[in-house]
Amino acid sequence: MYTIGQAAQKVGFSIGAIRFYERKGLLEPAARSEQNNRLYTDSEINWLVFIKCLRETGMSVEDIKQFANMVMAGTATLPERIKIIQDQKQKLLDDIEEKKSQLVHLERKLQRYYNGENY
């Protein structure tokens, strides 16, 4: 079991972000210690890591909430969840290609400047 501070450090979130995701329903309310501190399991840490991954790939909190509801609904929603993850993966691949193109453009601009060109 991890305290909220330990969970935040392990995942790379702020404590406030974990509380936010809990309030939004992306994370089940945490178990509590005798001192009423939030406690998180390895499974909840893994879920937070996945939430972080989805957010970093551009998925909205609302879409993650819908995904979380599907997870809670069980295996009957697997086809929809697979589609969501496939779509998110494709979006990420498209973003990577766009970033590669931008990088090439910057490299060309630098090369011009290294050659003494002014444009």
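Contact is taken here to mean heavy atoms within 4.5 Å. The structure is a predicted model, in which local features need pLDDT of at least 70 and side-chain atom pairs count only at pLDDT 80 or more, while totals for chains, interfaces and linings use all residues. Residues are numbered from 1 along each chain as its sequence is written, and side-chain values use heavy atoms, with hydrogens and water left out.

Helices (H or I, at least four residues) and strands (E, at least two) are DSSP runs numbered from the N terminus. In the packing of helix α1 (residues 4-11) against α3, Ala7, Lys10 and Val11 of α1 meet Ile45, Leu48, Val49 and Lys52 of α3. The residues of this contact comprise five nonpolar, no polar and two charged, where Ala, Val, Leu, Ile, Met, Phe, Trp, Tyr, Cys and Pro count as nonpolar, Asp, Glu, Lys and Arg as charged, and the others, Gly among them, as polar. The α1 and α3 axes are 10 Å apart, at an angle of about 45 degrees; axes are lines fitted to C-alpha atoms, for helices over the stretch in contact, and angles run from 0 to 180 degrees between N-to-C directions. Angles under 35 degrees count as roughly parallel, over 145 as roughly antiparallel, 65 to 115 as roughly perpendicular and the rest as oblique. Helices α1 and α3 are therefore oblique to each other.

Trp47, Phe50, Ile51, Leu54 and Arg55 in α3 meet Val61, Ile64, Phe67, Ala68 and Val71 in α4. By class, nine of these residues are nonpolar, none polar and one charged.

Lining residues, which have an atom within 4 Å of a point, include Gly25, Glu28, Ser43, Trp47, Lys65 and Met72. Elements giving two or more residues to the lining are α3 (42-56) and α4 (61-73), and α4 gives the most, with five. The lining has six nonpolar, three polar and three charged residues.

Asn36, in the loop between β2 (31-32) and β3 (38-40), has a positive phi of about 70 degrees although it is not a glycine.

Notes:
On a 1 Å grid over the protein atoms alone, a cavity is a set of points where a 1.4 Å probe fits but cannot get out, and a pocket is an open set with protein on both sides within 12 Å along at least five of seven lines; lining residues have an atom within 4 Å of a point.
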